[in-house]
Amino acid sequence: SDPPLPLSRLRAQNFVRDLRTRDLRFSAAEASDYLATNLTVPLSEGALNQLYACTEGWIAGLHLAALSVATADDHEGAVEQLAGTDDYIARYLMDEVLSRQPAEIQTFLLATSLLERFSADLAKAVLGEPYSGLSVNSAIEHLERAHLFVSPLERTHTWYRYHSLFRQLLSQRLKIEHSDGDVRAMHRRAAEWLGPRGHTDEALRHALSANDPELAAGIMEASLRTALNREDQATLTRWLELLPLELIEARPNLLTIRAWSLQFSWQLAAQGKALRQIEALLATAPAPADEPAYIRPLLGVLNGQAAYLEGRPEEALALCLESLQALPHDWSYARGGAAIYLGLAMQACGRSAEAEPLLTQLHAESRDNSDGYALRILISLCFIHYLGGEFDRLQQTALLLIERASETTLATLSCWGHYFLGAVHYAQNHLEEAAGHFAVAIE
């Protein structure tokens, strides 16, 4: 920790050399050498790596780990147990670190141990009303000054994390000194703070640790737009796997997440079933006061797609146009889907001449000409040019699509541009060029 000296002035005069925790930690190679010297039995490379990972190069932790492993009958098994905080290490941390802290610091340490990382605001939220008098900023400053197994995660010193072994011990003490209800309330407060700030996965972990699946469901529903705009099917699928099936099938909002998750993998039969379940729920129960305004327009996009694919273009046109007008601009992925089927439905109704200027106008009015919405308007225009045999215009639009998509995190949308360019070359009997574009699209 910092000594009571005028460090800023001394540093300016080049009279200071700092040795901090990070400098004293062993590297992986040093830890391996140390353990090889102090253990009478050889350990596998995997076990050595695990010891290093759980101690993070902390020499006292390595020494205590070596003592524990050396006295165990099953050496490799003893390494596994260290992940749950071995008794040697637990007693050392309790005696040398935790018990010597002021009561307020102990309270702060225990409450924040349930967080993988914490900031002052998040810590304040977790402590909540029962500890409103505790100065969170002072506690963090104390931990930093004492280098008490806490590390800042960036230069601004806004977010912190504890050493993994220290956090494990604190978590165990938290469960001993606080009731299950108190710990669940802390998790719930963490989820309620993290969710609205976009830390969705962390919020979900805390909501489920609080044994509150309803809270978890609400966090998922509030985060749907962000996941859709990222075109992140894996996240949507993972969310749904966290909740009981009966809860999903009782909530239209969660079934909507399922329907859009199925959209990415083109599981249209399963998606149709989910849409029918949603419609049945919405028809048999009055709309709840907290029903998001986006639910029905989102269903309209998927129903519009189904109507087009089933040969009902007039219905598809009406549904997609209505959804496009009702969805806010920041729902770029869903609005893009509506734009695609709006163009296709108008073409199928013999209204291509109207569709092209409409889509061109929508593209010109888009707030970001490289987001999922604008890129899908270009895809819709490509379809209209393709179905109308306008290959010169198709080539121009496809090249623009590839250029715009390559500038974004949605670069895979450029595969549509290559698909259409391949179609142009194929129609013109340029088979090698066509095969090249199709290969890029497939890849």
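**Loops, cysteines and overall build of a helical model**

Asn429 sits in the loop that links helix 26 (414-427) to helix 27 (431-442). In this predicted model, the phi angle of Asn429 comes out near 65°, a positive value in a residue other than glycine. Most residues other than glycine have a negative phi. Asn429 counts as exposed, with a relative accessibility of 57%.

His157 gives a second case, with phi near 55°, again positive and again not a glycine. This histidine belongs to the loop between strand 1 and strand 2 (160-162). His157 is partly exposed, at 36% relative accessibility.

Strand 1 itself covers residues 150-152 and includes Ser151. At a relative accessible area of 19%, Ser151 is buried, because the cut-off for that class is under 20%. Leaving aside residues up to four places away in sequence, Ser151 is in touch with Arg25, Trp159, Tyr160 and Arg161. Of these contacts, Tyr160 and Arg161 fall within strand 2 (160-162).

What about the cysteines? A search of the whole structure turns up 0 disulfides. For Cys320, the closest cysteine sulfur belongs to Cys349 and is 11 Å away, which is too far for a bond. Cys320 is buried, at 0% relative accessible area. Cys382 is likewise in no disulfide, the nearest cysteine sulfur being that of Cys415, at 11 Å. Cys382 also counts as buried, with a relative accessibility of 0%.

Along the principal axes, the C-alpha trace spans about 80 × 55 × 55 Å. Buried residues account for 46% of the 443 residues. Taking contacts between residues at least 6 apart in sequence, 60% join residues at least 24 apart.

As for the surface, the accessible area of the protein is about 22,400 Å², and carbon and sulfur atoms supply 52% of it. The side chains include 36 positive and 56 negative ones. The centres of these two sets of charges lie 6 Å apart.

Technical notes: Residues numbered from 1 in each chain as written. Predicted model: local features only at pLDDT ≥ 70, side-chain atom pairs only at ≥ 80, totals over all residues. Heavy atoms only, no water. Buried < 20%, exposed > 50% of the residue type's maximum accessible area, 1.4 Å probe, protein only. Contact = heavy atoms within 4.5 Å. Areas by Shrake-Rupley, 256 points an atom, 1.4 Å probe, with all protein chains shown as cover. Lys, Arg positive; Asp, Glu negative; His and termini not counted. Charge placed at Lys NZ, Arg CZ, Asp CG, Glu CD. Disulfide = S-S within 2.5 Å. Helix = DSSP H or I, 4+ residues; strand = E, 2+ residues; numbered from the N terminus.
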